[in-house]
Amino acid sequence: MTANAHTALYCLFGRPARHSLSPAMHNAAFVEKGLNAVYLAFEPERAIDAVRSMRSLGIKGASVTIPFKTDIMDAIDQVDPLAEKIGSVNTLVNHSGTITGYNTDGYGAVRALQTAGVSLDRRAAFVIGNGGSARAIAFSLLEAGSRVVILGRDEKKAARLARDLSRHFPEVESGRIDSAGTRMHDDDALIVNTTPVGMFPDIGSCPIDPSILKKGHVVFDIVYSPVRTRLIESAASAGCTTVPGTEMLLHQGARQFELWTSLSAPVETMRTALAFGLAERENH
């Protein structure tokens with residue numbers, strides 16, 4: 001595709017954002033669908049600056065990542081009811097100057113788990129972290145019938161997120177990460193890391209003590225660089241079912257594409273683009 005004066009612009013807003021594989025995934029989707037569009041990564045100083053740029057430049061849609069997922073809600077015109085309940089936005093759609101926020105993180109996480117054959121109803125789920133991704137994933141797991149415990153290094157922040165979620169789902173628990181081992185009574189517990197612990201270049205770190213992992217656990221790490229984080233490697237060695245972060249990135253991105261274009265997402269093309277981008281990165 002050759003960009004021209006009629007090329008539609010989509011983008012990622014985050015700090016950092018240059019490391020993202022979203023441009024590779026979405027640009028491949030645009031080409032596959034024959035759309036005159038391009039997706040770029042930007043690192044604005046503030047959420048309000050990102051929204052102003054959408055208005056002034058006519059940016060059609062955007063992905064939103066750390067640290068803007070909650071702040072950006074106050075800068076846009078409308079928030080989708082689901083994103084409002086979650087309390088976090090990761091997708092913006094510009095409808096003729098009216099900017100609406102959506103959340104596809106929870107959808108992407110649930111689709112990644114379901115695609116891996118993981119049933120969620122009545123499963124004990126331990127969500128590590130208390131940011132925008134943790135909020136969306138925990139909400140969606142609760143909607144799917146899971147019993148959720150929020151774990152964090154800061155017990156007060158974990159408890160605050162649990163209280164927010166309990167407005168919609170009454171029995172949400174919380175605690176410190178180091179209490180994980182004593183809380184995991186279910187042999188088939190789901191463990192979800194939503195923190196950046198283990199992300200490149202800090203690839204030797206693990207958000208929990210790997211010794212608590214056992215066969216039967218399902219371990220899902222939303223970090224995708226590297227694909228096989230120390231948590232995923234430790235889980236595989238323990239005989240756990242593992243789900244890599246690339247699957248969530250893929251499915252939340254596919255839902256974003258559909259919100260932006262009203263077309264079905266070319267999921268396999270997007271998956272191939274992600275795999276190629278990751279291979280290229282790891283070879284360097």
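# Briefing on the predicted model

P226 is placed in the loop between strand 11 and helix 8, where helices (H or I, at least four residues) and strands (E, at least two) are DSSP runs, numbered from the N terminus. The peptide bond that joins S225 to P226 is cis, with omega at about 5°. This is a predicted model, in which local features need pLDDT of at least 70 and side-chain atom pairs count only at pLDDT 80 or more, while totals for chains, interfaces and linings use all residues. Residues are numbered from 1 along each chain as its sequence is written, and side-chain values use heavy atoms, with hydrogens and water left out.

**Backbone features in loops**

- A cis peptide bond, with omega of about 5°, also joins R15 and P16, and P16 is found in the loop between strand 1 and helix 1.
- S96, in the loop between strand 5 (91–95) and strand 6 (98–102), has a positive phi of about 50° although it is not a glycine; its relative accessible area of 82% makes S96 exposed (buried means under 20% relative accessible area, exposed over 50%, and partly exposed in between, with a 1.4 Å probe and protein chains only).
- S262 is likewise not a glycine and has a positive phi of about 60°; S262 sits in the loop between helix 9 and helix 10 and counts as exposed at 69% relative accessibility.

**Aromatic pairs**

- A search of the whole structure finds 6 aromatic pairs, where rings of Phe, Tyr and Trp (its six-membered ring) pair if their centres lie within 6.5 Å, and planes under 30 degrees apart count as stacked, over 60 as edge-to-face and the rest as tilted.
- In one of them, the ring centres of F30 and F257 are 5.8 Å apart and the planes stand at 35°, so this pair is tilted.
- That pair links distant parts of the chain, since F30 is in helix 1 (residues 22–32) and F257 in helix 9 (residues 245–261), 227 residues apart; F30 is buried at a relative accessible area of 0%, and F257 is buried at 0% as well.
- F139 and F169 form an edge-to-face pair, 5.3 Å centre to centre with 80° between the planes.
- F139 lies in helix 5 (residues 132–143) and F169 in the loop between helix 6 (155–166) and strand 9 (173–176), so this pair ties together parts that are 30 residues apart in sequence.
- Both F139 and F169 are buried.
- Ring pairs also link Y10, F30, Y39, F257 and W260 into a cluster.

- Not counting residues up to four places away in sequence, L190 touches several residues, including L113, L141, V218 and F220 (contact means heavy atoms within 4.5 Å).
- In helix 4 (residues 105–115), the buried residues are D105, G106, G108, A109, V110, A112 and L113, and they pack against helix 5, strand 10 (190–193), strand 11 (218–221), strand 12 (241–243) and helix 9.

**Helix 10**

- Helix 10 (residues 267–283) has 17 residues and reaches 24 Å from its first C-alpha to its last, close to the 24 Å expected at 1.5 Å a residue; the expected span is 1.5 Å times one less than the number of residues.
- Its buried residues are M270, A273, L274, G277 and L278.
- They cover an arc of only 130° around the axis, which puts them on the same side of helix 10; the arc is that of the directions from the helix axis to the C-beta atoms.
- On the other side of helix 10, E268, T272, F276, E282 and N283 are exposed, whereas helix 1 and helix 9 are among what covers the buried residues.

- An open sheet is formed by 6 strands in the order 2-1-3-5-6-4, with mixed pairing; two strands pair if DSSP finds at least two bridges between them.
- Its edge strands are strand 2 (37–42) and strand 4 (78–79), each of which pairs on one side only.
- Strand 1 (residues 8–13) and strand 3 (residues 61–64) pair in the parallel sense over 4 bridges, and the bridge partner of C11 in strand 3 is A62.
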